Amino acid sequence: MRSDGEPALTPYRGEDLGARPHVAVVFCDHIGGFVAASPLMRGLRERYPDVVLDYVGGERTVELETASPLIDARFSLFGMDDPLSEMTRFFEERRQQAGPYALVVNLEAEEIAAQASGLTGATYVVGNAIDPGSGAHVPHAAEPIDGLWHDTWNRADLLEDYPELTSQYIGELFCRLARVESDYVRTEAPQAPPPISIPPVLLSTGGNRSARLWPTAHWVKLVRHLGGRGVEAGLLGAAPAVQEARYHTADADEAIVRAGAKDLRGQLTLPEVAGALARVRAFVTVDNGLMHIAAAVGAPTIALLGASPGRIWAPRTPCVRIVEPAEPCTLCEENRFRNPDCLLPRHQCMESIAPTRVLAALAEILPDA
């Protein structure tokens, strides 16, 4: 129960949260998602310099969550067995340490995140939350911007219906729904110095949808061209076994290493990856979490963007140059990007990003390439 007699878990419309508010942000454990949520978290700290901010994420992003100066405490909702019982204890401990939760912001669509949000017992809620007493979903606020909760964020004409938006970028959408003001497109990622030498060009091939991937032969041509110019390239990524199981690129990565790339997979923590990208002369990647880290640290980046909801997720920072397919396809968008693999007999969108186009973009950043 709130101090004014209203029940907890009331839809948030921007009310003042008072002194030293205790806030929880709930999201998935995707690297890009964590980075995209950083403007929201920074904006909360800009409005409330004494805020206590807890983050509920997961095991894939634990290294970033732990290292982020935006976060005071964190818990893994994703990647753990039976997380809800442990989370109940986490929230109780955090309430004892920092007081009741004033606000919970749930950015995740999965039902378990709505359950977790309800367990905070927060006064106000943004996003989906389930009242633990009634088991009912808490309604969203009913102001015009809240129509986004029921809309398709990637549709081409979205801005026509929401004149308060300046873009469809995910960082802005999160902030607007939470009534947070900040620099919506300036993302952040914690950095640590890499413990090994870093080549001048770094590459990242993997993604959680195979439809986003650039053909192996194209990567090999790129690496061989760089080698012929005396420019060493390094391959970022998770350890090979994880790459094979999660990011669909084990065979491609082995071919790239054989072509001459330095194999850095599994050798760096995510903050160390951020530190390496902050020092690199050029970075070539598909749409994945490392693309978002690169944008956050200002790495000169060439992002190969096809089969992705680019209106939402493409970084808006000038250090990122987007290269799109010469032969685009609409099938992924028609399927709301829920298809893991390409739906055509030939992966035309990513195949049509020719290595010559990538090399031309790279030469603008790195003339000796």
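Mentor: What follows covers cavities, a pocket, salt bridges and one arginine. This is a predicted model, in which local features need pLDDT of at least 70, side-chain atom pairs count only at pLDDT 80 or more, and totals for chains, interfaces and linings use all residues. Residues are numbered from 1 along each chain as its sequence is written, and side-chain values use heavy atoms, with hydrogens and water left out.

Trainee: How many cavities of 30 Å³ or more does the structure hold?

Mentor: The structure holds two. A cavity is a set of points, on a 1 Å grid over the protein atoms alone, where a 1.4 Å probe fits but cannot get out; lining residues have an atom within 4 Å of a point. A volume is the space filled by probe spheres set on the points, which are joined across faces, edges and corners.

Trainee: What lines the largest cavity?

Mentor: Its lining includes Pro11, Tyr12, Trp149 and Arg179. The largest cavity has about 60 Å³ of space. By class, eight lining residues are nonpolar, two polar and two charged. Here Ala, Val, Leu, Ile, Met, Phe, Trp, Tyr, Cys and Pro count as nonpolar, Asp, Glu, Lys and Arg as charged, and the others, Gly among them, as polar.

Trainee: And how much space lies in the second largest cavity?

Mentor: About 40 Å³. Among the residues lining the second largest cavity are Val35, Tyr169, His292 and Arg316.

Trainee: Which residues lie nearest the centre of the second largest pocket?

Mentor: Gly306, Ala307, Ser308, Pro328 and Cys329 do, out of 23 lining residues. A pocket is an open set of grid points with protein on both sides within 12 Å along at least five of seven lines. The volume of the second largest pocket is about 410 Å³. Helix α14 (331-334) is one of the elements that supply at least two lining residues each, and α14 gives the most, with three. Helices (H or I, at least four residues) and strands (E, at least two) are DSSP runs, numbered from the N terminus.

Trainee: Changing topic, how many salt bridges are there?

Mentor: The count comes to 23, a salt bridge being a side-chain nitrogen of Lys or Arg within 4 Å of a carboxyl oxygen of Asp or Glu. One of them joins Arg95 and Glu92 at 3.3 Å, N to O. Both residues lie in helix α4 (residues 83-98), three residues apart, about one turn of the helix.

Trainee: Which residues are linked with Asp183 in a network of salt bridges?

Mentor: Arg42, Glu46, Arg186 and Glu188 are linked with Asp183. The closest N and O atoms of Arg186 and Asp183 are 3.9 Å apart.

Trainee: Finally, where does Arg265 lie?

Mentor: Arg265 lies in the loop between β9 (262-263) and α11 (270-279). Arg265 counts as buried because its relative accessibility is 6%. Its side chain makes a polar contact with the side chain of Glu254 at 2.8 Å. A polar contact is a pair of N or O atoms within 3.5 Å; within protein, one must be able to donate a hydrogen and the other to accept it, and residues adjacent in sequence count only if both atoms are side-chain atoms.

Terms used
Buried means under 20% relative accessible area, exposed over 50%, partly exposed in between (1.4 Å probe, protein chains only).
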